[in-house]
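Here's a quick briefing to read alongside the model. Have the viewer open and follow along.

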Amino acid sequence: MAKATKSSGDTSRRHFLAGATLAVLATPSALWAQQAEIWSAKDAHDSLTNDLIRLVDVRSREEWADTGVAQGAWPISLHEDRFPERLFAAREVADSRPVAMICATGGRTGYVMRSLREAGYSGFIDVSGGMLGSPHGPGWIAMGLPIVSSEAALKDLPTELT
């Protein structure tokens, strides 16, 4: 019985896979930004600062007024009419960037994410610690990330999202 030998194709494939794995591990958060669905507030802030994502604050107007809104976030309340329409409009305005969503502690955004996944939608991210923090980690506020007033955030909201 002849002994099986590995072809040069097998060796090349292994080298390619090893190289591809190293490239993925060495690539900054842009690739990760396209694949992960749950992020920390710090990851969301860094990606927002680097123009890799857009951020939507889904909390109520009262919550925005109480704590402020993450700087650069679009305030689109889950509690108001036309939320789905406005969320998908945000996805269009984001121009191929993922849309991250933040709430108080991650509960509401987790629910929205499950609904989006079940309906077959991708390109959305859940900021799991929210603004206030959760068992998943400190939130935007506890991390000392920048905040603006609700009035300023609403003023900067693109007209397509109003």
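**The sheet and what packs on it**

β1 and β6 pair in the parallel sense over 2 bridges; two strands count as paired if DSSP finds at least two bridges between them. Helices (H or I, at least four residues) and strands (E, at least two) are DSSP runs, numbered from the N terminus. Keep in mind that this is a predicted model, where local features need pLDDT of at least 70 and side-chain atom pairs count only at pLDDT 80 or more, while totals for chains, interfaces and linings use all residues. Residues are numbered from 1 along each chain as its sequence is written, and side-chain values use heavy atoms, with hydrogens and water left out.

**Strand order and pairing**

- Put together, 5 strands make an open sheet with parallel pairing, ordered β1-β6-β5-β2-β4.
- At its edges sit β1 (38-39) and β4 (74-75), each pairing on one side only.
- Strands of a sheet pair through backbone hydrogen bonds, either parallel or antiparallel.
- Ile 38 has Asp 126 in β6 as its bridge partner.
- Between β5 and β6, which run parallel, there are 3 bridges, and Val 99 is partnered with Phe 124 in β6.
- To get from β5 to β6 the chain goes through α6, and this β-α-β crossover is right-handed (with the strands pointing away from the viewer, the path from the first strand over the helix to the second runs clockwise).
- β2 (residues 54-57) and β5 (residues 99-102) also run parallel, joined by 4 bridges, with Leu 55 opposite Ala 100 in β5.

**Helices across the sheet**

- α5 (residues 83-93) lies across β2, β4, β5 and β6 (124-127), at about 140° to β5.
- α6 (residues 107-118) lies across β5 and β6, at about 155° to β6.
- For those angles, axes are lines fitted to C-alpha atoms, for helices over the stretch in contact, and the values run from 0 to 180 degrees between N-to-C directions.

**Burial**

- Buried here means under 20% relative accessible area (1.4 Å probe, protein chains only).
- In a regular strand the side chains alternate between the two faces of the sheet.
- Across the 162 residues of the protein chain, 38% count as buried.

**Whole chain**

- There are 7 helices and 7 strands in the protein chain.
- Among contacts (heavy atoms within 4.5 Å) with a separation of 6 or more, 61% are between residues 24 or more positions apart.

Conventions: Buried < 20%, exposed > 50% of the residue type's maximum accessible area, 1.4 Å probe, protein only.
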